[in-house]
Amino acid sequence: MTATVTPARRERSPLARARLVKYARHAAGVAGFLLLWQVLGASGAIKWLPPAVDTLARTVALAVDPEFLDHLLGTLTAAIVGLPLAVLVAVPIGLVLGTVPVIEEMTRVFVEFLRPIPSVALIPLALFFFPSELNAKVALIVFAASWPILINTMYAMRDVDPVSKETLRTFGFGAGAVLWRVSLPSAAPFIATGVRLAASITLILAISVEYIVGGSTGIGSFLIQASTGIGADAMIDVLAALLWAGFLGLVVNTVLVRAERRLFRWRTT
């Protein structure tokens with residue numbers, strides 16, 4: 001029994017040490033950044049920069065501030081509604097464009113024309129068709145977030161092993177079975193990567209629309225209110241809201257990365 005247990009422990013030990021070193025480096029980097037921020041802010045070397053301690057205290061206080069939580073919920077609502085809609089729109093289109101070359105060639109001009117358009121430039125158009133602030137944000141999120149999902153899906157379908165597909169056809173499987181048994185499992189990790197990229201876009205675009213339009217709810221609206229204040233407290237509010245936005249993006253990315261690793265453990269990264 002001892003001979004079989006000890007090697008397993010020895011195999012896990014280097015991995016555990018590597019993780020510990022990685023987390024220690026991350027912590028050291030964050031601590032070093034906060035220390036530099038504190039020194040620059042407290043010394044007045046950068047006049048507009050408040051000390052890190054004051055900003056972090058305000059960031060924690062916002063977690064129990066009902067007004068800020070309403071703004072936070074407004075941003076999250078638009079992102080949570082918009083991202084699944086983008087997936088529902090982009091994945092089927094990507095599957096078609098990636099498997100039917102004729103349709104891809106017919107629509108390539110439209111894709112290449114629409115893809116580079118900055119989503120922020122479409123805000124007036126979105127507000128014209130969707131007077132509701134939430135609907136306008138969701139529409140723009142769907143437009144912007146669909147592109148990384150669409151492109152990843154389309155190119156992933158093109159890279160599916162043709163031998164695997166032809167083998168299933170040889171055994172009498174139809175197009176639907178080939179798609180379900182070979183193409184989708186092969187493309188799924190790349191589609192998931194597109195969704196993860198799109199998730200960051202949803203938060204960026206939601207906050208941008210709120211800030212430019214000056215809506216009633218959202219982190220962008222809170223930033224407008226904070227930036228119109230006077231004195232150091234206004235800058236503290238702005239930086240605290242930005243820290244919350246970054247924290248949200250970090251949480252969303254971490255959750256999606258962990259989900260990818262669980263769902264696609266067989267994938268070599």
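**Close-up views of patches and salt bridges**

Val100 is partly exposed, with a relative accessible area of 31%; buried means under 20%, exposed over 50% and partly exposed in between (1.4 Å probe, protein chains only). This is a predicted model, where local features need pLDDT of at least 70 and side-chain atom pairs count only at pLDDT 80 or more, while totals for chains, interfaces and linings use all residues. Residues are numbered from 1 along each chain as its sequence is written, and side-chain values use heavy atoms, leaving out hydrogens and water.

**View 1. A nonpolar patch on the surface includes Val100.** Patch residues have over 30% relative accessible area and no salt bridge; nonpolar side chains (Val, Leu, Ile, Met, Phe, Trp, Tyr) are joined within 5 Å, like charges within 9 Å. Val100 sits in the loop between α3 (66-99) and α4. Helices are DSSP runs (H or I, at least four residues), numbered from the N terminus.

**View 2. Arg58 and Asp237 form a salt bridge.** Their closest N and O atoms are 2.6 Å apart; a salt bridge needs a side-chain nitrogen of Lys or Arg within 4 Å of a carboxyl oxygen of Asp or Glu. Arg58 belongs to helix α2 (residues 52-62) and Asp237 to helix α10, so the pair ties together parts that are 179 residues apart in sequence. Asp237 is buried at 18% relative accessibility, while Arg58 is partly exposed at 24%.

**View 3. Glu133 meets Lys137 in a salt bridge.** Here the N to O distance is 3.9 Å. Lys137 is buried, with a relative accessible area of 2%.

Methods:
Accessible areas come from the Shrake-Rupley method with a 1.4 Å probe; for residues, only the protein chains shown count as cover. Helices (H or I, at least four residues) and strands (E, at least two) are DSSP runs, numbered from the N terminus.
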